[in-house]
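Hello,

Here is the structure I promised to pass on. Please open it first, then read my notes beside it.

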Amino acid sequence: MSELVKLDRFDIRILSLLQRNGRMTNVDLSNEIGLSPSPCLHRVRRLEKAGYIAGYGAHIHLEKLGHVQFVFTQVTLSGHTRGDFEKFETLVRDVDEIVECHLISGAFTYLLKFVTRDLGHYQRVAEDVLREKGNVDKYFSYIVIASPSLKGQYPLDKLA
């Protein structure tokens with residue numbers, strides 16, 4: 001269970017550095033933030049236990065695997081009851097090609113981010129999920145042509 005931890009500048013710096021390089025050694029991390037290794041490791045473990053650090057992973061260059069297509073999709077549900085939302089959210093969690101799902105206020109209900117091999121793959125997945133199973137009134141697709149700026153980290157020092 002996560003606990004509430006009051007973050008100080010050392011904690012924010014640890015989180016910032018680890019989101020850029022999760023494989024950083026504790027010695028390197030401690031040198032970067034100006035603490036000795038033991039208290040630094042204690043802080044990292046405390047941040048993990050409190051749920052600030054959700055996990056560690058690798059950033060994959062998808063283009064090395066071949067062509068991939070990103071598509072953002074605006075979705076408007078037919079109904080707006082709690083059950084409609086739960087059914088849709090359960091459905092999209094099980095679709096590997098949907099890598100993000102955001103409940104949105106405004107002109108539509110959800111914003112989805114798909115990653116697929118190509119547009120045909122997207123169309124098959126979208127039709128299966130959105131038309132056949134998803135209780136969707138309408139959806140609009142926005143095909144990503146290029147991504148001139150992708151940031152893999154959050155500006156923690158500006159958010160805390």
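How are α2 and α3 oriented to each other: roughly parallel or roughly perpendicular? The model is predicted, so a word on reading it comes before the answer.

This is a predicted model, where local features need pLDDT of at least 70, side-chain atom pairs count only at pLDDT 80 or more, and totals for chains, interfaces and linings use all residues. Residues are numbered from 1 along each chain as its sequence is written, and side-chain values use heavy atoms, with hydrogens and water left out.

**Confidence**

pLDDT is the predictor's confidence in each residue, from 0 to 100. The protein chain averages 93, and 98% of the residues score at least 70. Among its elements, strand β3 (residues 110-116) has the highest mean pLDDT, 98. Helix α6 (residues 156-159) has the lowest, 90. Helices (H or I, at least four residues) and strands (E, at least two) are DSSP runs, numbered from the N terminus. Where pLDDT is low, the predicted coordinates should not be read in detail.

**Helix packing**

Two packed helices are described by the angle between their axes and the distance between the axes. Axes are lines fitted to C-alpha atoms, for helices over the stretch in contact, and angles run from 0 to 180 degrees between N-to-C directions. Under 35 degrees counts as roughly parallel, over 145 as roughly antiparallel, 65 to 115 as roughly perpendicular and the rest as oblique.

Now the answer. Helix α2 (residues 26-33) and α3 pack at about 100°, with axes 9 Å apart. α2 and α3 are therefore roughly perpendicular to each other. From α2, the contact (heavy atoms within 4.5 Å) is made by N26, L29, S30 and I33. From α3 come P37, C40, L41 and V44. By class, that contact has 6 nonpolar, 2 polar and no charged residues. Here Ala, Val, Leu, Ile, Met, Phe, Trp, Tyr, Cys and Pro count as nonpolar, Asp, Glu, Lys and Arg as charged, and the others, Gly among them, as polar.

Helix α1 (residues 9-20) also meets helix α3 (residues 37-49). Their axes come within 10 Å and cross at roughly 75°. That makes α1 roughly perpendicular to α3. F10, D11, I14, L15 and L18 in α1 meet C40, R43, V44, R46 and L47 in α3. This contact has 7 nonpolar, no polar and 3 charged residues.

**Single residues**

T109 sits in the loop between β2 (98-103) and β3. T109 is buried, at 5% relative accessible area. Buried means under 20%, exposed over 50%, partly exposed in between (1.4 Å probe, protein chains only). The side chain of T109 makes a polar contact with that of H80, at 3.4 Å. A polar contact is a pair of N or O atoms within 3.5 Å; within protein, one must be able to donate a hydrogen and the other to accept it, and residues adjacent in sequence count only if both atoms are side-chain atoms.

Q74 lies in strand β1 (residues 69-77). A polar contact of 3.3 Å joins its side chain to that of Y142.

A126 belongs to helix α5 (residues 119-133). A126 is buried, at 0%. Leaving aside neighbours within four places in sequence, A126 is in contact with R131 and Y139.

E89, in helix α4 (residues 82-93), is partly exposed at 23%. D94 lies in the loop between α4 and β2. D94 counts as exposed, at 63%.

Best wishes
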